[in-house]
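Please examine the sequence and the three-dimensional model shown here. The report that accompanies them covers the fold, the helices, the core and a few selected residues.

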Amino acid sequence: MLDFMKLQRNKKTATDAQNDAEANDISAEISVLEQQLVATPTNSEIHKTLMLTYNRALKIYAKNKNHRQHIDTVFIKIDELRNIIRKSL
């Protein structure tokens, strides 16, 4: 009779694990892109890719309790990236 509650609980744990994995993947992707940006700060393709990745990260971090504290940092990095783009134009 209460099997539906067990199914909901199992789905939630799978979703949490999936969100953790997704958040870790996007963090790794951001690290790689930031290193590429340091190596070539005038590459506009890296700017675009990094900005899109930051925006995806915001959505993923908002869903993940373990990564929510990184949202403010991502907004700061977005501002810094905008400043880099403005200076390079």
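The sections below describe the chain as a whole and then its parts.

## Basis of the model

This is a predicted model, in which local features need pLDDT of at least 70 and side-chain atom pairs count only at pLDDT 80 or more, while totals for chains, interfaces and linings use all residues. Residues are numbered from 1 along each chain as its sequence is written, and side-chain values use heavy atoms, with hydrogens and water left out.

## Overall fold

The chain contains three helices and zero strands, and its pattern along the sequence is α-α-α. Helices (H or I, at least four residues) and strands (E, at least two) are DSSP runs, numbered from the N terminus.

Of the 89 residues in the chain, 25% are buried. Buried means under 20% relative accessible area, exposed over 50%, and partly exposed in between (1.4 Å probe, protein chains only). The accessible surface of the chain is about 6,600 Å², and carbon and sulfur atoms account for 57% of that surface; such areas come from the Shrake-Rupley method with a 1.4 Å probe, and for residues only the protein chains shown count as cover. Among contacts (heavy atoms within 4.5 Å) between residues at least 6 apart in sequence, 58% join residues at least 24 apart.

## The nonpolar core

The largest nonpolar core comprises 17 residues, and Tyr54 and Tyr61 have the most contacts inside it. Helices H1 (3–39), H2 and H3 are the elements that give two or more residues to this core, and H2 gives the most, with eight residues. A nonpolar core is a set of buried Ala, Val, Leu, Ile, Met, Phe, Trp, Tyr and Cys residues joined through side-chain atoms within 4.5 Å. In soluble globular proteins, nonpolar side chains tend to be buried together.

Not counting residues up to four places away in sequence, Tyr61 touches Ala23, Ile26, Ser27, Ile30, His67, Arg68, His70, Ile71 and Val74.

## Helix H2

The 20 residues of H2 should span 28 Å at 1.5 Å a residue, and the end C-alpha atoms are 29 Å apart, which agrees. The expected span is 1.5 Å times one less than the number of residues in the helix. Asn43 caps the N-terminal end of H2, with a side-chain oxygen 3.0 Å from the backbone nitrogen of Glu45.

The buried residues of H2 are Ile46, His47, Leu50, Met51, Thr53, Tyr54, Ala57, Leu58, Ile60 and Tyr61. His47 counts as buried because its relative accessible area is 4%. Leaving aside neighbours within four places in sequence, His47 is in contact with Leu37, Pro41, Thr42, Leu81, Ile84, Ile85 and Ser88.

## Helix H3

The 18 residues of H3 should span 26 Å at 1.5 Å a residue, in agreement with end C-alpha atoms that are 26 Å apart. Ile71, Val74, Ile78 and Leu81 are buried in H3. They lie on the same side of H3 because they cover an arc of only 65° around the axis, the arc being that of the directions from the helix axis to the C-beta atoms. On the other side of H3, Asp72, Arg86 and Lys87 are exposed. An α-helix has 3.6 residues a turn, so residues three or four places apart point the same way.

Ile78 has 4% relative accessibility and therefore counts as buried. Apart from neighbours within four places in sequence, Ile78 is in contact with Met51, Tyr54, Asn55 and Leu58. The C-alpha atoms of Ile78 and Leu52 are separated by 9.9 Å, although these residues are 26 apart along the chain.

Leu37 is found in helix H1 and, at 11% relative accessibility, counts as buried. Leu37 touches Ile46, His47, Leu50, Leu81 and Ile84, not counting residues up to four places away in sequence. The C-alpha atoms of Leu37 and Leu50, 13 residues apart along the chain, are separated by 8.7 Å.

His67 is found in the loop between helix H2 (44–63) and helix H3 (71–88). At 11% relative accessibility, His67 counts as buried. Residues up to four places away in sequence aside, His67 touches Ala23, Asn24, Ser27 and Tyr61.

Note on methods: Polar contact = N/O pair within 3.5 Å; in protein donor to acceptor, adjacent residues only side chain to side chain.
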